[in-house]
Amino acid sequence: MSKQILLSFCSFLMMITFSMAQQVQFSGNAKSTVEVGETFNLTYSVNAQATGFRGPSFTGFDILTGPYTSQSSSIRAINGRTSMSIAYTFTYILRASREGTFEIPEATVTVDNKQYKSNSLTIKVVKSSGGTQSTSSRGNTSKNNQVNGVIQAGSNDVFIKTVVDNSNPLQGEGIILTYKIYFKVPISQPSITKPSTYEGFWSHTVKDNVKLNQYNQNIDGEVYHVADLLKVVLFPLKSGKLLIDPYELECVAQYKRQTKTKTGDPFFDDFFNNSFFNESYANVEKTLKSNSLVINVRPLPIADKPVDFSGAVGNFTFTTLLDKTQTKTNDPINLKCTITGKGNIQLIDKLNTSFPPDFESYDPKITNNINSSGDGVSGSQTFEYLIIPRKAGKFTIKPIPFSYFDLSKKRYVTLTSPEYTVNVEKGSGDNNIVSYSTPGKEDIKYLGNDIRHIKDQPILLQRIGTFFFGSLLFFVMMILPVLIFFTIFLIWRRLDERRSDVVLMKNKKATKVAIKRLKKANIFLRDKKQEPFYIEISQALWGYLSDKFSIPLADLSMDSVHEALMEKNVKDEIITQFIQTLDNTEYARFAPGEKTMIMEKTYQEALEIITRIERELR
Amino acid sequence: MKKVLIVILILLPVLTFAIDPQITVAKANKAYTAGFYDNAVELYKSVIAEGYESVELYYNLGNACYKQNDFASAILFYEKAHKLDPGNEDVNFNLRIANTKITDKIEPIPELFYKRWYRTLLESYSVDKWAKIGLVFLCIGLISGLLYLISRRLLIRKAGFWLGICFISASLFTFLFAWQDYNNVVHRKEAIIFSPTVTIKSSPDEKSVDLFVLHEGAKVELIDNIGTWYEIRIANGSVGWLSASAIEKI
């Protein structure tokens, strides 16, 4: 021990003497006695520009951090002599892991391509004597620091962490992220300079603990004060591995500094060198960075997922309230749907409402009342629908479904509102003007698109691949009318031929018959038989007419003769003569005068007209 | 009386045979209306398996497939119904709806206007309807011809002559339409893609170049056939080869 002091004194002397000559000094410095579990600093300092520091190997100690390199330079002018000094310090933070006496071998450093070795250190590790000891020992270190005039702020005096309560949540399940600060030395003005970004999450900051919630925590044998800076409730929006990156924090750590003010007065020294007056604080600004976190988000089960499920996860109740069920046209009604519960309630942004098409409905007014506490987000989300019935009648508002994933039951739950029946009476007619469409007629609104219904009447089934077209029946039905056509045609023609034969025969015979009749009449004329004579003449004339022009006898009369002959294209002159003859024949029967003469004349006339027609038709 | 009995006795087995599928169809319709679509599909298919078909049968079967979200089958059966009766409005409507549900949207090549008119005219009636219309026209034409030949009245003869010419030529046209429709139905091969995705190749070879991809429910026209490969053409005119296993013929 005394040797150590001597050595360090020697080195101190050497430092003084050799520094003037720019002698390279490389030395290790640490407490000689530490307790098990105590954290302490081991510093190597060199008074020149040093490179290639190679630390020793430690046995019995754990390296917590290090080596850190720090550099300082100073220019001094003393009595006109200016000197410049550079100091490099390599710092380890070590922790004694077990009891015993351990030697720390020398470290090496390169200055101007020359290697220098430090002294080796022997450190005695004694049994821990409790928490108070550690603070006192820290007092020692600070005292040691004071000797060198440097405040040694250990990097683990203050650190920050991000902690989640559940790193394996379901999609949509809320997790609570806490920003924690751990500190051994007093700190002030902690401010988050860069908060974490929560990509893939919907975040809600818990507002109710504005003041820091502090408590003590023992970490590896050291008591830390822990403060929860911020709590954030996070709802994962997608499944998979999601990263929460570190946040950064700036704070001021306050280190005690004890300056011994020597006044020479023992009273004053005693008075001011107590802890009350003598302690001053060095404020050290620190920038800290937390750890990053990986959250493994499990997807929600796909099986039995309701159609209207829109991502609500938690535990909810669903209530609806319709303000009236009896209204008049254009008199609005109000439907209030409230979802109350715990979970990602603010993410529920719409409900699957289906109002009758004759109702005019607007986007709902959404109000929420969200409370966030240390154990999640709860509250209510209210959807207020304003519905205006435009037509009178009885309408049904279908039940509104609301589905969510129940975390405690681990399954989907669908809640539905009751079905409401709204009776709309016709309001006063003037109100119709409010309606946007022209009164009376409006376009048909297509609400959906689906296939038409099946044909349910008896179906006429047929064998696959059979067609009427090309079938035997088809050809039969095609040929049959043609056959019928020809048969009818042929039969008709035959009949027609036969009929025309009769006409022709009559035509040919007409003259003969007439001559026969006339001959008979001539005999009667000679016999002076008046009555039969006129009958024969008359019959000869009429018969001739009938046969010659194939006019049925029954159709012939004095009136129709003219037209009948006209139709047969007989000359007008002949027709007149023929009618004259007929007239004469009728007249002559009853005419006064010489009977024989008149008979003779009638006979001649009849003969003449027949001869003339014969000639004419030839 | 005896004769009637004999006729009934002869017809009886035929009638019972004919009634059986009708009952099945009625059952299937009931199942469909009740919402048991899979049951309905089975029943309809059993009727087809017995060798019967009709526009309504295919239409109902297509509907049942549609309700089960089996759009490829729905389209197949609607197309079959459409083939039997191209002018059936319900069939065409549902076919249109079903076609909106499939992945592929194929823009057909615009046809020349007279071709389109002709096709619309052809498709306005089924083969048998055209045939029947033709027969009626033929009869009217022949009666008019008879009037022309027999009548002695000039007016009737004139009317008969022109009407006869008109109706007989009209009947010839309708027979032509029927024949063309018939050819379309019997000889023109079309198919529906049934595998979820199928890559159309440039030649009937698995290693050949991939041309394009079709999905379930797309309609293709079969042009050629080599082994298990079909050369197909889609409505936009693209041609390629695919394996027979990917399609179902209409």
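Guide: In chain B, 56% of the contacts with a separation of 6 or more are between residues 24 or more positions apart. A contact here means that the C-beta atoms of two residues, placed from the backbone, lie within 7 Å. The model is predicted, and local features need pLDDT of at least 70, side-chain atom pairs count only at pLDDT 80 or more, while totals for chains, interfaces and linings use all residues. Residues are numbered from 1 along each chain as its sequence is written, and chains are lettered from A and ligands numbered from 1 in the order in which they are written.

Chain B has eight helices and eight strands; these are DSSP runs numbered from the N terminus, H or I of at least four residues for helices and E of at least two for strands. Of the 250 residues in chain B, 36% are buried, a term that requires 20 or more other C-beta atoms within 10 Å of a residue's own C-beta, placed from the backbone.

Helix α8(B) covers residues 154-187. Its 34 residues reach 49 Å from the first C-alpha to the last, close to the 50 Å expected at 1.5 Å a residue, where the expected span is 1.5 Å times one less than the number of residues. The buried residues of α8(B) include B:Gly160, B:Gly164, B:Phe167, B:Phe175 and B:Asp181. Among the elements that cover the buried residues of α8(B) are α6 (113-123) and α7 of chain B.

The contact between the chains takes 32 residues from chain B and 26 residues from chain A. On the side of chain B that touches chain A, α1 (2-34), β1 (52-53), α3 (55-67), α5 (89-99), α7 (127-150) and α8(B) each supply at least two residues. Helix α7(B) gives the most, with eleven residues. By class, this side of chain B has 20 nonpolar, eight polar and four charged residues; Ala, Val, Leu, Ile, Met, Phe, Trp, Tyr, Cys and Pro count as nonpolar, Asp, Glu, Lys and Arg as charged, and the others, Gly among them, as polar.

Strand β1(B) also joins strand β31 (residues 462-463) of chain A, antiparallel, by two bridges. Two strands count as paired if DSSP finds at least two bridges between them. Within this pair, B:Glu53 stands opposite A:Gln462.

Now the partner. In chain A, strand β16 (residues 222-236) is joined to strand β12 (residues 175-183) by nine bridges, antiparallel, with A:Leu234 of β16(A) as the bridge partner of A:Ile175. Strand β14 (residues 201-205) of chain A pairs with β16(A) over five bridges, also in the antiparallel sense, and A:Val233 of β16(A) stands opposite A:His204.

Helix α5 (residues 472-527) and helix α6 (residues 530-548) of chain A pack at an angle of about 170 degrees, with axes 8 Å apart. The axes are lines fitted to C-alpha atoms over the stretch in contact, and angles run from 0 to 180 degrees between N-to-C directions. The two helices α5(A) and α6(A) are therefore roughly antiparallel, the term for angles over 145 degrees. Residues in this packing include A:Val513, A:Arg517 and A:Phe524 from α5(A), with A:Phe533, A:Ile537 and A:Tyr544 from α6(A). The residues of the contact divide into twelve nonpolar, three polar and seven charged.

Methods:
Buried ≥ 20, exposed ≤ 12 C-beta atoms within 10 Å, placed from the backbone. Parallel < 35°, antiparallel > 145°, perpendicular 65-115°, else oblique.
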